[in-house]
Amino acid sequence: MPRVLITTDYLRPGDEVDEYLRAAGLDTRHAPLAGRRDPEELVSALAGIDAALVANEPLTADVLARVPRLRVVVRTGVGYDSVDIEAANRLGISVSNLPGINANAVAEYTLGLLLASARRLVESATGVFAGRWPREDGHELRGATLGLVGYGAAARAVVPLARVFGMEVVCTTGVPEGLRDDPAVRFVPFAELLAVSDYVSIHTALTDRTRALFGASAFAGMKATAVLINTARGAVVDEEALADAVRGGTIAGAALDVVAQEPLPAESPLRGVEGITVYSHLAGQTAQARRAAGLAGAAELVAALEGRARFPVSVTVK
C-alpha cells in the first residue's frame, strides 16, 4: 500500500481528502506545516513515503536525494518555487501544481488590500484600538490606475473586479500577444507600468528573472503616491529596498501578503516602517479555495501515482 504524507496545514486525518486518498488504496500520514520546519525533520517525515501532498515545504535537492522512495509531489496551490524541479527531474520524481485553483480567492483578496490601502483601514482600526480616533483622508479607487505584473489566472480574475470599481488596468507580462484577449486591459512595458500606476499588484511567478524584480530602480520608477501590493511570492521584492523606498517617500506604501521568509522574522527590515502592512499569507485561504485545492490535490496525487498526472511541472517518474 503506497504511503502518502500530507503537510498542508488545513488538511486533517479523517477529512474528505483523507477519505478520498484512503478509498484509493493509499496509507495516509499527516505532518502539518506550521511555520518553518527543519530540513532534518522534513527528511524524517518523508522517510518511507511514496507521495506527498505539500504546502510550501522547502523540497531542496538535498532533501529529495535523501528520500529515495518518494515518487510524487503535489502542491496544494499554484506556486512550486519551493521545490527543486531540476533535482526532481533528475531523481525521477513527478511534481504537480494546481494552476488557477485559488484564482478567485486571490483576486478578491487583492481588491481587499487595495481598499484597505486606499482607505487606510488598518491605520484607522489600530488607532481606535490604541485609544485614538484617526480621521485622515483616504482615496477612492475610481479613476486610479492599477498595474498588474503578470497575467496568470489570479491577475485575470482581478481585472473585472477592478473595472467594477472604475479603475483603469494596465499589465506587463510575458504571455504571448495572441493570448492577451482582454480589451479591458492595456498591455505595456514594465517601465511604463511603473510610471503610470497608482497601485502596482504583483501576480508573477518567482523565477531567476523575477527574483528581486522590485528593487531600488523599480521603486524609483514609480509614482511617489503609489502603493505596492504583493500576493505572489515574497522574494519578488527586495525588502531592504522597499523599506528604504517607503521611509524615504519614493513610494507611499506597500501591502504584502507574502514575504521572503515566513513567518516574518523579528529582524525583518519591513517591521516598524510606517506605510508597510504585512499580512500572514492568506490570499488563497478561503474555505472554498481550501476545499477545492485539497480535493484537486488528492485527485492529482492519485493520477500521478498511476502515471497520468494532469498538471505536471516535472514529468519524469521512477
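Good morning. The chain before you exposes about 14,900 Å² of surface, and carbon and sulfur atoms supply 52% of that area. Please keep in mind that this is a predicted model. The mean pLDDT of the chain is 96, and 99% of its residues reach 70 or more.

Let me turn to the overall form. The chain has 318 residues, for which a compact globule would have a radius of gyration near 20 Å; the value for the chain is 21 Å, which agrees. Its C-alpha atoms fill a box of roughly 60 × 50 × 35 Å along the principal axes. Of the 318 residues, 48% count as buried. Among contacts with a separation of 6 or more, 63% are between residues 24 or more positions apart. The chain holds 11 helices and 13 strands.

Which strand has the highest mean pLDDT among the elements of the chain? Strand 9, residues 199-202, does, with a value of 99, whereas strand 13, residues 312-314, has the lowest, at 90. Strand 9 deserves a further look. In a regular strand, side chains alternate between the two faces of the sheet. Here both faces of strand 9 are covered: Y199 and S201 on one side are buried, and so are V200 and I202 on the other.

I now come to the charged side chains. How many salt bridges does a search of the whole structure find? The search finds 15. One of them joins the side chains of E16 and R291, with N and O 2.7 Å apart. This pair links distant parts of the chain, since E16 belongs to helix 1 and R291 to helix 11, 275 residues apart. E16 is partly exposed because its relative accessibility is 36%; R291, at 49%, also counts as partly exposed.

A second example is D81 with R233, whose closest N and O atoms are 2.7 Å apart. D81 lies in the loop between strand 4 and helix 4, and R233 in the loop between strand 10 and helix 10, so the pair ties together parts 152 residues apart in sequence. Finally, salt bridges with shared partners join R37, E41 and E57 into one network. Thank you.

Note on methods. Residues are numbered from 1 along each chain as its sequence is written. This is a predicted model: local features need pLDDT of at least 70, side-chain atom pairs count only at pLDDT 80 or more; totals for chains, interfaces and linings use all residues. Side-chain values use heavy atoms; hydrogens and water are left out. pLDDT is the predictor's confidence in each residue, from 0 to 100. Helices (H or I, at least four residues) and strands (E, at least two) are DSSP runs, numbered from the N terminus. Buried means under 20% relative accessible area, exposed over 50%, partly exposed in between (1.4 Å probe, protein chains only). The radius of gyration is taken over C-alpha atoms; the globule rule is 2.2 Å times the number of residues to the power 0.38. Contact means heavy atoms within 4.5 Å. Accessible areas come from the Shrake-Rupley method with a 1.4 Å probe; for residues, only the protein chains shown count as cover. A salt bridge is a side-chain nitrogen of Lys or Arg within 4 Å of a carboxyl oxygen of Asp or Glu.
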